[in-house]
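This report describes selected features of a single protein chain. The sequence and the structure are shown first, and the description follows.

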Amino acid sequence: FRDITARERTLAALQASEASARTFVERSPYGICRVDTDGRFTDVNPALASMLGAASPAALVGLLVRDRFVDQAQREALVRIHSRAERGADGRIAHYEAFVEDLGPLRAAEQALRHAEKLAAVGHFVSGVAHELNNPLAAVLLFTEQLLEQDADEPADHETLALV
C-alpha cells in the first residue's frame with residue numbers, strides 16, 4: 001500500500017511538472033518548435049503558429065519547415081531564429097529545436113522612429129527658415145510702426161502702412 005502511494009505521488013509530481021513545462025512553452029511570446037531530421041515540424045507552440053499565419057499549432061505539424069519559409073529575405077526581415085540540434089543516446093541527431101523571435105513589432109518601431117526623425121529634421125529646417133524670415137520682417141514692422149507714428153501726409157499712404 002505504501003509503495004502504491006509513493007508511486008502515485010511521484011506520478012502526480014511528474015504530471016504536474018510536465019503540465020507546468022507545457023504551459024510555459026505554450027504561453028511563451030517566442031515561437032518554439034521541434035523539427036525532425038527530415039525537416040518537418042513535430043511540435044509547435046501557439047506563438048510560432050501565429051507568426052507563420054497558421055490556424056493552430058496542429059496545422060503545422062508534419063509540414064516541411066522550408067515550405068513555410070520559402071522567401072529567405074522575407075523570413076530574415078520578419079523573424080530571428082536560434083536553433084540547436086538535440087542528440088539521442090547514440091550520439092546521432094534526434095531532432096532540432098528552434099526558438100523564433102517575431103521581428104515585426106521591432107521593424108515597425110524602427111520605421112516609426114525613422115519617420116519621427118524625418119519629421120524632427122523638417123521641423124528644425126522650418127524653424128531655421130522662420131528665424132531667417134523673422135529677422136528682416138521685424139525690421140520692416142519696426143520701420144512701418146515708426147512711419148505710422150510720424151503721421152503720414154497722405155491718407156492713402158497711412159492705409160497702406162496699416163496693412164503691413
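In this predicted model, V122, F125, V126, V129, L133 and L137 make a nonpolar surface patch of about 570 Å². One of these residues, V122, is found in helix α5, which comprises residues 104-149. V122 has a relative accessible area of 49% and is therefore classed as partly exposed, since exposed residues are those over 50%.

The surroundings of F41 can be given in detail: when residues up to four places away in sequence are not counted, F41 touches C33, R34, V35, L48, L52, L60, V61, G62, L63, L64, V65 and R68.

Strand β4 also holds E97. Is this glutamate, E97, buried or exposed? E97 counts as buried because its relative accessibility is 11%, and buried means under 20%. The side chain of E97 forms polar contacts with the side chains of R34 and R84. Apart from neighbours within four places in sequence, E97 is in contact with C33, R34, H82, S83, R84 and E86. C33 and R34 are likewise among the residues touched by F41.

A further buried residue is S28, with a relative accessible area of 15%. S28 lies in the loop between α1 (2-26) and β1 (31-35). A polar atom of the S28 side chain lies 3.0 Å from the backbone nitrogen of Y30. Beyond its neighbours within four places in sequence, S28 is in contact with N45 and A47.

| Atoms or groups | Distance |
|---|---|
| E97 side chain and R84 side chain | 2.8 Å |
| S28 side-chain polar atom and Y30 backbone nitrogen | 3.0 Å |
| E97 side chain and R34 side chain | 3.2 Å |

A77 is partly exposed, with a relative accessible area of 35%. Which residues does A77 contact when its neighbours within four places in sequence are left aside? These contacts are with L103 and R107. From C-alpha to C-alpha, A77 and D102 are 9.4 Å apart in space, while 25 residues apart in sequence.

Terms used. Residues numbered from 1 in each chain as written. Predicted model: local features only at pLDDT ≥ 70, side-chain atom pairs only at ≥ 80, totals over all residues. Heavy atoms only, no water. Helix = DSSP H or I, 4+ residues; strand = E, 2+ residues; numbered from the N terminus. Buried < 20%, exposed > 50% of the residue type's maximum accessible area, 1.4 Å probe, protein only. Polar contact = N/O pair within 3.5 Å; in protein donor to acceptor, adjacent residues only side chain to side chain. Contact = heavy atoms within 4.5 Å. Patch = residues over 30% accessible without salt bridge, like charges linked within 9 Å, V, L, I, M, F, W, Y side chains within 5 Å. Areas by Shrake-Rupley, 256 points an atom, 1.4 Å probe, with all protein chains shown as cover. Salt bridge = Lys/Arg side-chain N within 4 Å of Asp/Glu carboxyl O.
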